[in-house]
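Subject: Structure for your review

Dear colleague,

Please find below the structure that I am handing over to you. My notes on it follow.

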Amino acid sequence: GHLDSYYANLFGRYQSKRWAHTLILTGGWNDAKLNRTVDYGAGSYRTEGNTNGWGLGAMYELTYDVYLNENKSSILQPLFNASVVTTRMDGYRETGGGNAGLSVEKQEWTTGTLALGGRWMGLVGSNLFGREALAELRVNAAQDLGDDRGETAVGFLANPGYTQQVRGAKVGRTALQIGAGLSVPVGTQGTIFVNGNADIRNGASSLNGSIGYRYDF
């Protein structure tokens, strides 16, 4: 199979004294392709299926600043966040296998997540322009609510009246989330940033990272 995903984020943050509120809205589009090879006796056949879908998500986070030194260059933030993601994938009919191809119905699932944890942020080092890098470490315990796996009806094109419910793999609802980031000033207005995240749970774990350049006008 092959899956292409495209998404955009809208980010907003408001801080009043030590309390900070963050809201992130996400919209995405998915394009999926699946090729199957079925062997039978001395022969085989190949089928192809294509579909697409979309997803919407929202995340709210609340933090409180605890200053660890007098110049406020090291901060510990207890945090709470809540998020919800809903995803829809259209159904599809396989081609290439005639009546032996599969008919796959649409999929819909919605998952919410509550998390408690902490984040440390601090200024480290200094460059030729007198600007310090910003380091960040964070650890969360997260609990999922709602749908925990995809489910759809699958049947043969030769017998559209007979379908069977097929469920995706079920993974743990409780996760340990760990992240780290570093923003390094380059020149007087540019910053190189790198970050990585891990989501560890029963049955499935994921790692991801990113690197980028930000220029402040």
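Where is T188 found? T188 lies in the loop between β12 (174–186) and β13 (190–201); strands (E, at least two residues) and helices (H or I, at least four) are DSSP runs, numbered from the N terminus. This is a predicted model, in which local features need pLDDT of at least 70 and side-chain atom pairs count only at pLDDT 80 or more, while totals for chains, interfaces and linings use all residues. Residues are numbered from 1 along each chain as its sequence is written, and side-chain values use heavy atoms, with hydrogens and water left out.

T188 counts as exposed because its relative accessibility is 52% (buried means under 20% relative accessible area, exposed over 50%, partly exposed in between, with a 1.4 Å probe and protein chains only). The C-alpha atoms of T188 and R18 are separated by 28 Å, and the two residues are 170 apart along the chain.

As to the overall fold, the chain has 14 strands and zero helices. Its radius of gyration is 23 Å, well over the 17 Å that the globule rule gives for 217 residues, so the chain is more spread out than a compact globule. The radius is taken over C-alpha atoms, and the rule is 2.2 Å times the number of residues to the power 0.38. Along the principal axes, the C-alpha atoms fill a box of roughly 75 × 35 × 30 Å. Of the 217 residues, 28% count as buried. Among contacts (heavy atoms within 4.5 Å) between residues at least 6 apart in sequence, 56% join residues at least 24 apart.

β6 is joined to the antiparallel strand β7 (residues 102–104) by two bridges, and R93 has S103 in β7 as its bridge partner.

Two lysines in loops deserve a mention. K17 sits in the loop between β1 (2–16) and β2 (19–40), and its phi is near 55 degrees, a positive value in a residue other than glycine. At 78% relative accessibility, K17 counts as exposed. K72 belongs to the loop between β4 (66–67) and β5 (74–89); the phi of K72, also a residue other than glycine, is positive, near 60 degrees.

Yours sincerely

Notes: Pairing = 2+ DSSP bridges.
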